[in-house]
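Please walk me through this structure.

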Amino acid sequence: MIVGERKPFEEIKESVQGYNKLLIVGCGTCVSVCMAGGEKEVELLATQLRMANKLEGKEVEIGEVTIQRQCDREYIEPIVEMARNYDAVLSMACGAGVQLMADMLDPIPLIPGLNTRFIGIAEEEGVWAERCRACGQCVLGQYAGICPITRCPKSILNGPCGGSQGGRCETDPNRDCAWALIYDRLSKQGQLDNIIRVAPPKDFRNQDSPARQVNEDYLKAEMEEAAVE
Amino acid sequence: MSTINLEINGKPVSVNEGITVLEAARDAGIKIPTLCYHEALSPYGGCRLCTVEITARGRTRMVTSCTYPVEEGLVVTTDSPAVHKVRKMIIELLLARCPDVPILQSLAKEYGVETLRLKKTKHDDCILCGLCVRMCAERMGTSAISFVGRGVDRRVDTPFHVQSDVCRTCGACAFVCPTGAIKLEDITDNTPIPIPSEFDTRLGNRAPIYIPYPQAIPNVPIIDSSKCIHLLTGECKVCESFCKVGAINHGQQDEVVEIEVGSIILTPGFEPFDATIKSEYGYGRMPNVVTSLEFERILSASGPFQGQVLRPSDARHPVKIAWIQCVGSRDETCGRDYCSSVCCMYATKEAIIAKEHASEIEPTIFYNDIRAHGKGFERYYESAKNKFGVRYVKGIVSGIKELQQSKNLILEYSGEEGQKVQEEFEMVVLSVGLVPSASSKDLAEKLSVDIDRFGFCETDELSPNITSRPGIYVAGAFDSPMDIPESVMHASSAACLASQGIAEARGTMVAEKEYPPETDVTGEEPRVGVFVCRCGTNIARVVDVPSVAEYAKSLPNVVYAEEYLYTCSTDTQIKIMDIIKEHNLNRIVVASCSPRTHEPLFQETIREAGLNKFLFEMANIRDQCSWVHATHAQEASEKAKDLVRMAVARVVNLEPLHESPSNIIRKALVIGGGLAGMTAALGIASQGFEAVLVEREGELGGNLRHLYYTLEGQDPQELLSSLMAQIEQEPMIRVYKGAEVSALSGYVGNYETTIKMADGNTERIEHGVVILATGGVEYTPTEYLCGQSEKVMTQVELEERIAKNTLNAKDLKSVVMIQCVGSREEDHMYCSRICCSQAVKNAIKIKDENPDAEVYVLYRDIRTYSMKELKYREARDRGVTFIRFDVERKPEVELVDGRLQVKVFDSILGTDILLQPDILALSAAVRPQPDAMDFSSKLKLPLTQDGFYMEAHLKLRPLDFVNEGMYLCGLAHAPKTISESISQARGAVSRAVTVLSKTHLMVGGVVSVVDEDRCVACLTCVRSCPFNVPRINERGVASIEPAACQGCGICASACPRKAIRLRHYSDDQVMAKTAVLCEE
C-alpha cells in the first residue's frame, strides 16, 4: 500500500488561507488504511480547521466527502459537480490522487493534505515500513524476499558493506542490516550462492521517469469495441 | 397533620403544619444564614441572623425565621433590601464583639460590612449563641455549662468557674460552637481521648459513627456502641435529627439467623504477627518502628497522612527507611517456623511505592532469602534493585536502639565479612508475618475441623482445600500463608469442591423476575422526564436544586421535571414508574450521582415501567459537581444546569436496544491431559457437564508421570492412577489421546474446535468453554557438563533414578545440587518456584536412605515458601549443607580424571570450596511448552515475556483469559507444585461453570456494529481490539460477533472509514452533548 502522513496543521492552515469555501476530500483506499486520509481523518481535519477559523473570526464553509479512490476517474466523477461549488479542494490522497483530482476539477485549485511517503507494509498497529521502491526490475527472488534496494540505506546490490555490525546497520542501531537478513535467510534456504555471485549494476532505465505502462491486450479490446460502435 | 400553604420569595410553598419558616425555606432550597440554629436543638432566636420579612394579616414586620411557625397565607421575603440591611447591622454588631472569628468575617464580606464603626472592647470569640449550653442541657442531659453574669458580663461558664465534675468530656459543646470559642480544658480536667481508627492501624482517628473502610460491605455507617453517648447514657440522639430518612436505629440487636447449606467454605483469613513479641525491635516502644501493615496505610492516599510518607514521632519526611524481613516468620523462637510467603514481595512493593512518593527516600531491605517465587515477581525484584535503587542487605538485624533526641534508630547487623555494623535509619518497617486469626481457632473447634500446631487448617498435600470434616472446605490464608492470586485461585477451587456435591440443586431456588411488555416508542416524539436529586443535603447544600429542576422544564422535549430528596429511595422508584405512565414519558434523565453505581437501578425501574432500559441518561451533579465545587455554590448550580441540558440532549437521541438470548453449548474443552487437565475434566464432570479432554501424547499424565514422591512423602503415582481410573469410569468425559487441537473458532458459549487425531483424521466438536492446561517442560540444561557426563542429571532425573532403583543412595558418598539452572537470569528472568523444594525433597530422600551421604546444595536464595520452610529446616537439621553463591560468581564444574569437581565461592568463608561429588543434580528451570508461541496464536491467546500464558489480570483474575469463556491452569500459567496445579484446575472449573451453568447468555445491547458498505478491510479494528473479536469475514469485510464484543468502543473510535459504530455511543449521541454545551 501507499503510505502517507498528514501534513502539519499549521502548513495546511496556511495553504487554505483566503478560500471561503473549502472541500476536503478523503480517499478510501491506501491512505485510509494507513490512517492518514480516510473519513475519520477528514472529519478531524475539518473540525480542527473550523475551530481555528472560529477563533480567528473567519467565516469559511468547509465541506467533507470521502470517495473510494482518488486515482480512478470513475470514483471522482460523482463529486465533480458538487466540488465545483467550492473555491478550493483539499485532497487527503497520495500524490497520484491529488493530481488526477486536479486534472478532473481543473481549474479549481487543489491542495495536498498529505505527504506521500512510500510503498510499504503495516508492521503493527500504527507502524508502517517501506518495502518497495518501484525500481521496475525486481530482484527479490535472488535475495530471499528481502529487498536490498529498499531496506539497505545504500541500496547496494553486492552487500553487506563494512558498516554491518552484529546484524545492525551503521546508520541506526535499531535498523536491521538488510544484507545480514538476506544472508541469514539464504543460508536457511541453502542458497548462499546467490550472494556470492556478483550482481551487475542495475538497469535503471527500467525506472524511467515519468513512467508509463501500456497493456496492449486491454488497449486492443478498447479499440475493437470502438470499431464495432 | 394538615398542610399549610405560604409564599416564600414569591414562590408558593406547601409544608406540614408545625414547622418553622426557616425549615420551610430550607426545604424549598432557599438559603437563610444562621448561627444559633441547630437541627437537633429547640429554636432560640439568639443570633437574629435568620431575620426575614413577613406579611401576615396585612401587616409587614421583621421576625427571626427560626422561631416563627408557618401559618396559612403567610408571605415571606428572605432577600429584600430591608432584610439585607438588618442582617448587615447584626453582623456588624457581632463582629464588633468578636472581630477575630472567621465565620463572622466571611459573613461580613458577604453582606458588605467593610469598616467597623465600633471599637472592640475586649478579646472574646463567644457570640453568646447558646448552642453549647443548649446542647449540654437538652441533648446531653448534663448542664455542665450555662450562662452566667448579666448584660455585658454575660458569658458561658461552669458553676463557680471551676472545672466541672459532671462534664463527661463528650465534646459536643466544642463541636457545635460556630466560632471555636469553647475550650474543653476550661470545662473539665479530663483530657478527651481520640478514638483510634482500626483501619488506619491506629495511626489516625475516627468518629464514633463511621464507615469502617472505604469498600466496607455493607457500605453503611455503624455506631460504635462503646462510644455512643446515647447507648451509654440514654441521652443525645443528635444523629437522629440529621438523618432525614430515619435510618438510625439505636435499638438494633444481634440476630441469630439459621441457614441450611450443603457445604461450607472457611475463609477467616489471617492476622499480622504481633510485633511486640519480638521485643528486640522495639515495636510499641519506639514510635518510628512501624509494622508493614501500618506502613501500607501511611502510603495510602486515604490513609492517616493522606499518602505522604511521614514518620509517626515528628511527622517529618524520613529519608533512610529500613525494612526488616521475617518478623514472626521462619523463626522457631516465637513458634512461627514457617515462611509467610508474601513479605519479601510486599516489602519490595512498599519500598518502590515509597520511592515513587518521595524520590529522596533511600530504602534498605534486610532479608534472609528473597522469595520472589510468584509469577512476574523476579522481574519486579530486579527492577526494585536496578531501576528504583532499593538496597538489599543479606542478614537479619539483631536489635534496634533508639536515639533519644532525634528518635532515629540504630540497627545492628553483621556485614559482608561477618563484622558488626551499626547503621542509623530514620524509620524502620517490620515485615510482619501472617498468623491465623485468633477467632479461627474457636471456629475450627466449633466445626470440628483439625488445625495444625500453628493454628492453620489441616489439609492433605495432594487434596488441597479439603478439611478433616467432609463437606467443609478451606480457602485462603487460613490454609497457609498465600498471596492475592493464590488466594483467588484457592477460593475458586474451594467453590468448585463445595458446589460439586450439590450441583443438582443449582438454580432450583432462583425466582425469575417478570417484566411488563416493552412499549414501542419508535416514531414517537421524545417526551423526556427529568428527576433531579437533592441527595439529602449532598447535592442541595451546594447546588440550587429547585432552580435546576425549574430550568430542566424549559428544555426542549422535556415534559416533566421535578426535584426529589433521594431519587434512589424505594418510594421514589415507585413514583418514577407512576410518573412515566401518567405523563406518557418515553425517555428519562436522572440528575443525581454516578452512573457507575446507580444507573442499573434506574434502568431497572424504567424497564419495570415498560420502557426500554437504554432510553435513559444520568447527569452526575453530585460527584462531579456539588462534591468538587462545594465552595462555589453559584457556579456549581450553573454547571448542574449544563449537565442536565447535556443529558437531555443525549437522551432524545438514544434508541432502544435489545439483547437477545444466545445458546450455550454446555460442554467444556480441556486442552492438555496432565495433572491440571485431568483434574479440570473431572471437575467439569462432577459439576454435571460434559468434558472433552485432548492430550497430544499417547497417554494421560504429563509431567506427573515422572514424579514419584513429594516433599511431604506422598506418592504422586498413586494420584495419577486414581485420576486415570476416575476418568476412565466417567461417562461425561470423552478423552482424545495422541490428538491435537488444530483449529479453534467461535466465542463464549459457542466454540467449534477441530481435533486432529494421531491417524490423521479430524473431528469437529462444539463446546461452550475452553480450559487450557497445556503444561510446561523441564529445561534441558547445557551448562555444568549436563549431557556430557552421566553423573550430571536434573532433579527430575535424580528422583526417577532413585525411585526406579537405578541409582542407589547407599552408594553415594557425596552429592552436589546446583539451584537456579536456567532460572533468574537474563532471557529467563523468572523463578521456577518448585526447584528449591525439589532439591530439599531429594536431599532428604538421600539422607533417608543413606544418612552418611554428604549433600551440598549450592543456592542463590532458598525459596521454600509457606510450610515448605519446615522441610528446609529439617534438611539442615539432618546435615544437608547449603552454600550460597552469587550469580556473578557461579559454581564451576569440571571432570578431572573421570571425577566430578565442583568449585564454588563461599562468601561467608571468603574462599573457594572444592567439592568432589559422586553425582551432580541440577535444579533445572520449568519452561513453557516449546510450541507455546504457535499454539497461542492459533487460539489468539496472549503470552508473557517468558512464554507462559497470560491471564486476564495478574492479581484478580488469575484463572481467566481476557477472551471470555477461556480459562487456564497448571504449568501453562506458571511454574507450580502438584497441590497448586490441582487447586488451580479446580478453580478454572469454577470459572467455567459460571458460563456452563446458564442456559443462555444475553448478547447485544451496547456492542459495536460494522457498516459493511464502508469497510475497507484495513484490519485496524482487528489489530486494536483488546479482546480479539473483529475478524475479516468471507465477504472480505470486518465483522464483530455481538456475543463476544465487550462494548469498549476502541474499534469504533479507531476505524479510519468510520464504518464501525458503538451502539448507545454513536457520534450523534455523544456529540449532542457537546453541541448543547457550546450553544450560546
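The paragraphs below go from confidence and overall build to a helix pair, the chain contact and some backbone details.

Start with confidence. The model is predicted. For the complex, the predictor reports an ipTM of 0.75 and a pTM of 0.83. Chain B has an average pLDDT of 93. In chain B, 100% of the residues reach a score of at least 70.

Now take in chain B as a whole. Chain B holds 1080 residues. Its secondary structure comprises 28 helices and 51 strands. Along the principal axes, the C-alpha atoms of chain B occupy a box of roughly 120 × 80 × 55 Å. Of the residues in chain B, 43% count as buried. Take the contacts in chain B between residues at least 6 apart in sequence: 67% of them link residues at least 24 apart.

Next, zoom in on two helices of chain B. Helix α15(B) covers residues 570-582, and helix α16(B) covers residues 595-608. Their axes lie 9 Å apart, at an angle of about 40 degrees. The pair is therefore classed as oblique. The crossing of α15(B) past α16(B) is right-handed. Which residues make the contact? From α15(B) come B:Gln573, B:Ile576, B:Met577 and B:Ile580. They meet B:Thr605, B:Ile606 and B:Glu608 of α16(B). By class, this contact has four nonpolar residues, two polar residues and one charged residue.

Now turn to where the two chains touch. How many residues does each chain bring? Ten residues of chain A are in contact with nine residues of chain B. On the chain A side, α2 (30-33) and α3 (39-55) each supply at least two residues. The largest share of that side comes from α3(A), with three residues. By class, the side of chain A that touches chain B has two nonpolar, four polar and four charged residues.

Chain A also has cis peptide bonds to look at. One joins A:Asp106 and A:Pro107, with omega about 10 degrees. A:Pro107 sits in the loop between α5 (95-105) and β5 (110-112) of chain A. Another cis peptide bond joins A:Gly159 and A:Pro160. Here omega is about -5 degrees. A:Pro160 lies in the loop that runs between α6 (148-151) and β8 (164-165) of chain A.

Back in chain B, look at phi. B:Cys535 has a phi near 50 degrees, a positive value in a residue other than glycine. This cysteine belongs to the loop between β24 (528-533) and α14 (545-553) of chain B. Is B:Cys535 buried or exposed? B:Cys535 has 22 other C-beta atoms within 10 Å, so it counts as buried. The cut-off for buried is 20 or more.

B:Leu785 also has a positive phi, about 65 degrees, although it is not a glycine. Where is B:Leu785 placed? B:Leu785 is found in the loop between β36 (776-778) and β37 (792-794) of chain B. B:Leu785 has 17 other C-beta atoms within 10 Å, so it counts as partly exposed.

How values were computed. Residues numbered from 1 in each chain as written. Chains lettered and ligands numbered in written order. Predicted model: local features only at pLDDT ≥ 70, side-chain atom pairs only at ≥ 80, totals over all residues. Axes fitted to C-alpha atoms, helices over the stretch in contact; angles between N-to-C directions. Helix = DSSP H or I, 4+ residues; strand = E, 2+ residues; numbered from the N terminus. Parallel < 35°, antiparallel > 145°, perpendicular 65-115°, else oblique. Left-handed = near helix turned anticlockwise from the far one by under 90°. Contact = placed C-beta atoms within 7 Å. Nonpolar A, V, L, I, M, F, W, Y, C, P; charged D, E, K, R; others polar. pLDDT = per-residue confidence, 0-100. Buried ≥ 20, exposed ≤ 12 C-beta atoms within 10 Å, placed from the backbone.
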